[in-house]
Amino acid sequence: MLDKFALLGVPQGFDEPQGLDEKYRALARQWHPDRFARAKPPERRKALEQTMLLNDAYKTLKDPVRRAEHLLELRGVKGDPKMSPEFLEETMEDRERLLEAKMSGSGVEDLARGVREKRDQTLAQVRELVARGAELSEAAELLARMRYYARYLDEVEGRPAEI
Amino acid sequence: MPALFEIQEPGEARSKEACTTGAVGIDLGTTNSLVAIVLGDGKPHALAVDEGSTLLPSVVHYGSQGGPGSVVVGRAARRLAAEFPRDTIVSVKRFMGRSSADPETLRLSPYKFAEGASGVVRFAVAEGRTVNPVEVSAEILRALRFRAEERLGIPVKQAVITVPAYFDDAQRQATKEAGRLAGLEVLRLLNEPTAAALAYGLDKRSQGMFAVYDLGGGTFDISILKLVEGVFEVKAVGGDSALGGDDFDRALAEIILGSQERSPRRVREAIDAAKAAKEDLTKAESTEVWGRKITRAQLEQAIRPLIEKTGGSSRRALRDAGVPDGKGLDGVILVGGSTRVPAVRAYVKQLFGMEPLADIDPDEVVALGAAVQADLLTSESPQHDVLLLDVTPLSLGLETMGGLVEKLLLRNTTIPARATQEFTTFADGQTGMDIHVLQGERELVQDCRSLAKFTLSGIPPLPPGLARVAVTFQVDADGILSVTAREQLTGVSQTITVKPSHGLTDEEIERMLLSSIEHAEEDVQARLLIDNRVEAQRILKAAERQLESNGDLLSAEERGQIEAQMATLTRAAQESDHHSIKDEIDKLDYLSADFAKRVMDRGIERALKGHSVAEFDQGEMSAHAKKAYEALEK
């Protein structure tokens, strides 16, 4: 498993590492394909590869949910745990409401706010579990929930332009 | 004798020693195209490539005007547009990467279309030829290349070509292909607003968050960028790849045409008249078209819905970039000729809540930025230590069950980028999997743009859900996508660079490349011959017209001299020595300079007596005469 924190040269942690933006810019300057435009093909491939990894790592570490997910992954917590039936029911309701809001063209933003709140609460819980040094497997279901929230929000944010 | 045709710009001669790489920046625009280069002074300069102007109208004429099978580009082609509307392709950029079935191609368009093998747009032009948008664009690029070579005195082989940030994969591929056809190594496709920001950022050494509002002839782009310590990080882009000043012209042309009959020629003339009126109305409150008064208020009413269409994508981009409603924005930069329209400026000011910046010529700024990037990519020691980090304009995904789109790379992902996702088989013993690549923000396949379809075969027959296929999307620094599908168990894999479904087939690309190699023989000499022949015809026609209407200003002897020279030029134009045609043009110029001055004086005199100056400002001869007049004044 690639350690995206290490790739960017920042310590592992739940919160956004200090100086993340500066580190990213410095590494992008070093590796971006533009810097290798006149280099030989193997070097250019390496630069492209490094930059793709770097961009992906930066995107992961900038986003609170993706960052938390990655941190748990690094500590050996795998996804795909059993979800509680209550949670599954809740997600189905959320989706239905989103669909209705999209059809009617209003209220999408309110729903997104609600889900963002739930996500933030879950995130705080995971944070506490990890800080306590508790069983990380306990965090597994929460991790899966965050995945669901992230996906939901991606979908909301990926919606076509409101004219 | 003053050189009336080659007015050298100060400092340009120096460039021969000063620039070493010959890598240029090209703004391949809908209405005008430009070429710029970083010279020894470390600054980008736009080169004068068309009758002393840095703007080369993106107009290509196919026909017999310069000899059989010839191609004319730029102002010379634009002058032929009304007379030969079907053989003169204007605003070809709007057809790039588009299918002939797109509604865009059907609107108020004077062209005759021929069906291509892959549903790509093909124009039927003079002499039974058919050309596609990539070939037409390649003619524009070739003209820029040759003319830049002429001005610089060195070969031009490499270029950074700009594209609207909102161009999709098919449109980018088509642009790159056009560059290749024109004999250029395309170093990079650069997003236009990013190029503009580069030109501005260097100039102002700015830091902070900026919006670039780019409304050109045919495309609208909005980009939000963060500038920190020489890194230009694009945060979000948006736009409409079919919205621009052309639409303003058409909206106004509708008013001008009213209920008149609409022959291709009449439509072209109405559009040209509308364009001129629109330009007049940036300064004047009213103007006259075909004997009818058109006010600025009328224009603004006609184009308001079009201008307001830019608001939606602007707001979305601001939100995507984390600066909703423009709060936290440090500046707004105006790019593109259409931002000269006062109503557009007013709208931008209201939309972003601040006075926009337009200190660099909005027509040139994109080419200047592209030249800087070309220098960055080719120089041992580039003039500027900057880095551009651009993004994908639209989400990229795959078709899944039920006609839904599964997005692998979301829009505004920093490029180069890669994403992988695993899919499983759903039928028992399934040995193949269809991969359908889509681009767009919508959830249903039918609402997104289809980029490519291919089948991964050779999957081992297994119960459903057991075979796993990993699909990887990779977007390079030009924003061009390649897709790999790999079956995890056996390692069967297939990679394709996405060939757009609405784009060109491999056979078409091959045919175009072959014919471009053949045409490499038709070198600069041949092109100069065509250009000079067209110029000769233009001047002869103009001289005839002026002799007819203002011949009384000449003595019999003067008239005789001019007519004799006209006959000499006519003969020279039938031969194939471009030098001699040029010489005879210059002689006619010299002989008629005084005549031109008198015609001009008469024009001014009449204008003072209440006639419109415009009457005298429109003729071909008067543009010519004006040059002569200016030269004489010095």
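**Figure 1. Sequence separation of contacts and overall make-up of chain A.** Of the contacts in chain A between residues at least 6 apart in sequence, 61% link residues at least 24 apart; two residues are in contact if their C-beta atoms, placed from the backbone, lie within 7 Å. The model is predicted, so that local features need pLDDT of at least 70 and side-chain atom pairs count only at pLDDT 80 or more, while totals for chains, interfaces and linings use all residues. Residues are numbered from 1 along each chain as its sequence is written, and chains are lettered from A and ligands numbered from 1 in the order in which they are written. Chain A contains 7 helices and 0 strands, where helices (H or I, at least four residues) and strands (E, at least two) are DSSP runs numbered from the N terminus. The C-alpha trace of chain A spans about 55 × 50 × 25 Å along its principal axes. Of the 163 residues in chain A, 24% are buried; a residue is buried if 20 or more other C-beta atoms lie within 10 Å of its own, exposed if 12 or fewer, and partly exposed in between, with C-beta atoms placed from the backbone.

**Figure 2. The two domains of chain A.** Domain 1 of chain A comprises 4–10 + 18–62, and domain 2 comprises 85–157. These bounds come from an automatic or database domain assignment. The centres of domain 1 and domain 2 of chain A, taken over C-alpha atoms, are separated by 31 Å.

**Figure 3. The contact between chain A and chain B.** Chain A contributes 20 residues to this contact, and chain B contributes 23 residues. On the side of chain A that touches chain B, α2 (20–31) and α3 (41–62) each supply at least two residues. Helix α3(A) gives the most to that side, with 5 residues. By class, the side of chain A that touches chain B holds 8 nonpolar, 4 polar and 8 charged residues. In this classification Ala, Val, Leu, Ile, Met, Phe, Trp, Tyr, Cys and Pro count as nonpolar, Asp, Glu, Lys and Arg as charged, and the others, Gly among them, as polar.

**Figure 4. An open sheet in chain B.** Chain B as a whole has 16 helices and 27 strands, and 49% of its 634 residues are buried. The open sheet shown has 5 strands in the order β18-β13-β14-β15-β19 (chain B), with mixed pairing; two strands pair if DSSP finds at least two bridges between them. Strands β18 (331–335) and β19 (387–389) of chain B stand at the edges with a single partner strand each, so one side of each has no neighbour in the sheet. Neighbouring strands of this sheet are turned by 25° against each other on average, direction ignored. Strand β13 (residues 208–215) of chain B runs antiparallel to strand β14 (residues 220–228) of chain B, and 8 bridges join them. B:Asp214 stands opposite B:Asp221 in β14(B).

**Figure 5. The crossing of helices α8 and α9 of chain B.** The axes of α8 (residues 296–320) and α9 (residues 342–352) of chain B come within 10 Å and cross at roughly 35°. Axes are lines fitted to C-alpha atoms, for helices over the stretch in contact, and angles run from 0 to 180 degrees between N-to-C directions. The crossing of α8(B) and α9(B) is right-handed, a term used if the near helix is turned clockwise from the far one by less than a right angle, whereas anticlockwise is left-handed. Helix α8(B) makes the contact through B:Glu300, B:Ile303, B:Ile307, B:Gly311 and B:Ser314, and α9(B) through B:Ala343, B:Val344, B:Tyr347 and B:Leu351. These contact residues divide into 6 nonpolar, 2 polar and 1 charged.

**Figure 6. The loop between β21 and β22 of chain B.** B:Pro416 is placed in the loop between β21 (404–409) and β22 (417–424) of chain B. The peptide bond from B:Ile415 to B:Pro416 is cis, with omega near 0°. B:Asn412 also lies in the loop between β21 and β22 of chain B. Phi of B:Asn412 is near 65°, a positive value in a residue other than glycine. B:Asn412 counts as buried because 21 other C-beta atoms lie within 10 Å.

**Figure 7. B:Ser91 and its loop.** B:Ser91 is located in the loop between β7 (88–90) and β8 (113–115) of chain B. Its phi is near 55°, a positive value in a residue other than glycine. B:Ser91 counts as partly exposed because it has 19 C-beta neighbours inside 10 Å.
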